[in-house]
Amino acid sequence: RDNPLVLGIETSCDETGIGIVRGRRLLSNTIASSMDEHARYGGVVPEIAARAHLEALQPAIARALADASATEGRQITLADLDAVAVTSGPGLAGALMVGIGAAKALAVGLDRPLYAVNHLVGHIAADLLTGDAVAYPTVALLVSGGHTSLLLVRDLTSDVQMLGETVDDAAGEAFDKVARILGLTYPGGPEIDRAAVGGDPTAIRFPRGLSRASDMAEHRYDFSFSGLKTAVARWTEQREAAGEPVPIADVAASFREAVVDVLVTKALDACARYDVPRLLLGGGVIANRRLREVTVARATEAGVEVRIPPLNLCTDNGAMIAGLAAELIVAGRPASSLQFGADSTLPV
Ligand code: KG4
Ligand code: ZN
C-alpha cells in the first residue's frame, strides 16, 4: 500500500489532536487544547484533560474530515480511511485511554487496521510531513511540558534509540514552575520569554543539571531540571528576605540560559559522539526563541544541520501519529491487536 489514508488520534496530554495524512502528505491537523482549563492550577490536571478529550474528540474528527476534504478538493469520509492510528503512550493514562477507546471504536466500526504508536516516535515522524524531511540517521531532541528526551534515530520504523531523558521535571514543566515562582502566568514558557527581554543571561549562574564530570558516566544524556527550579526559588527568596527587589528580567534570562545551555550541549555532544551531523527538534518548548537561536548558532559552528518543523507540527498533534502509522504501513509492519491499553511509560 503506497499512500495510505490514515486518521491519527493524539490524547496523551492536554491537546486533542486529530490528523489525517495520505502517506507523507498532510491533509489536516486539527487541535483542540484544554490548556485554558489548567491555567489556574499552574499545570495540566490529568482528570480535567481526560474529560476535555471526551468532549473534544467527536467535533475534532468532524473538523479534520472537513479540512482534509478541503485540502484534497473532494469529499473525504471515515469510509475512505485505510487505517486508524492512536497514541498508546507515553503520557497521562486517563487521557490516553480516551483516545484509545475512540480509535478502537472507529477501527472496529469501519473494519480497518489500527496502529498503536509511540508518542515520542510520533514527534520524530512529524518532520516527514513537512515535505523537506531530515535524512537519517539523526539525533532528535524532544522538549515539551511532558517530556525531555534525546534520541538517536537510524530508521524511524525500526531503529529509534533513547539516549537519555529527564530524571525529574520536563523542560517545559521547569518553565511553568519557574514562571509561577516569578509570579507569571501559565503556560510559563512564553511568559518567561517575554520577561527575559532586556535581561542579562549571565547575571546569575544557575546550575546545569547532570552536567558535572561525575554525572557523565551514568547520566551523559539525561536531564534534570528540579535542582534548577529550586535554585531559582532559593535565589529569589533570599532577595526578598533581604528586602531587595527581584530583577525579574535577569532571573528569567539566566534561568532560560541554563535550560538552553544544557539542552544544546547534550544534543550536540550526542551528534559528535555518534558521528551524526543532523539534529531534529520537536515539542512545544521549541517555540522558545533563545533555544532556537543558540541551537542554530552552536550547531552551525559544529557542522550540524538543524531541522525545526513548523510549530503546529512540533507541539502535540494527531498528524504526527497518522504520519508515523503511514510509515509503518508502507514498511509492511502489521497492525496492532485490539488488546492494547494505555502505557504511560511506553518505551520507544
Ligand atoms: O508540546 P506542548 O504544547 O504540550 C505538552 O507539553 O504536551 O508543550 C507545552 C510546553 C509548556 O510547558 C510550555 O510552557 C512550553 O511548552 N513552552 C515554552 C514556550 N512555549 C511553550 N517553553 C519555553 N519557551 C517558550 N516560548
Ligand atoms: Zn509531546
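## Basis of the model

The model is predicted, with local features needing pLDDT of at least 70 and side-chain atom pairs counting only at pLDDT 80 or more, whereas totals for chains, interfaces and linings use all residues. Residues are numbered from 1 along each chain as its sequence is written, and chains are lettered from A and ligands numbered from 1 in the order in which they are written.

## Annotation and domains

An unreviewed UniProt entry carries the annotation "domain: Gcp-like" over residues 26–322; such positions are given in the numbering used here, feature names are shortened, and annotations may be inferred rather than shown by experiment. Over residues 26–322 the chain is 48% helix and 16% strand, with the end C-alpha atoms 9 Å apart; helices (H or I, at least four residues) and strands (E, at least two) are DSSP runs numbered from the N terminus.

The domain assignment of the chain gives domain 1 (5–130 + 313–330) and domain 2 (138–310), the bounds coming from an automatic or database assignment. The C-alpha centres of domain 1 and domain 2 lie 27 Å apart. Their contact takes 21 residues from domain 1 and 24 residues from domain 2, two residues being in contact if their C-beta atoms, placed from the backbone, lie within 7 Å. On the side of domain 1 that touches domain 2, α1 (35–38), α4 (119–125), α11 (311–314) and α12 (319–330) each supply at least two residues, and the largest share, five residues, comes from α4. The residues of that side divide into twelve nonpolar, seven polar and two charged, where Ala, Val, Leu, Ile, Met, Phe, Trp, Tyr, Cys and Pro count as nonpolar, Asp, Glu, Lys and Arg as charged, and the others, Gly among them, as polar.

## Surroundings of ligand 1

Ligand 1 lies between domain 1 and domain 2, because both give residues to the shell around it. Ligand 1 is surrounded by 20 residues, the closest being G145, G172, G189, G284 and N288; a residue is near a molecule if its C-beta atom, placed from the backbone, lies within 6 Å of it. Helices α5 (171–181) and α6 (188–195) each supply at least two residues of this shell, which divides into six nonpolar, ten polar and four charged residues.

## Helices α9 and α10

The axes of α9 (residues 248–273) and α10 (residues 289–302) come within 10 Å and cross at roughly 30°; axes are lines fitted to C-alpha atoms, for helices over the stretch in contact, and angles run from 0 to 180 degrees between N-to-C directions. Among the residues making the contact are V260, L263 and V264 of α9 and L291, V294 and R298 of α10. By class, this contact has ten nonpolar, one polar and three charged residues.
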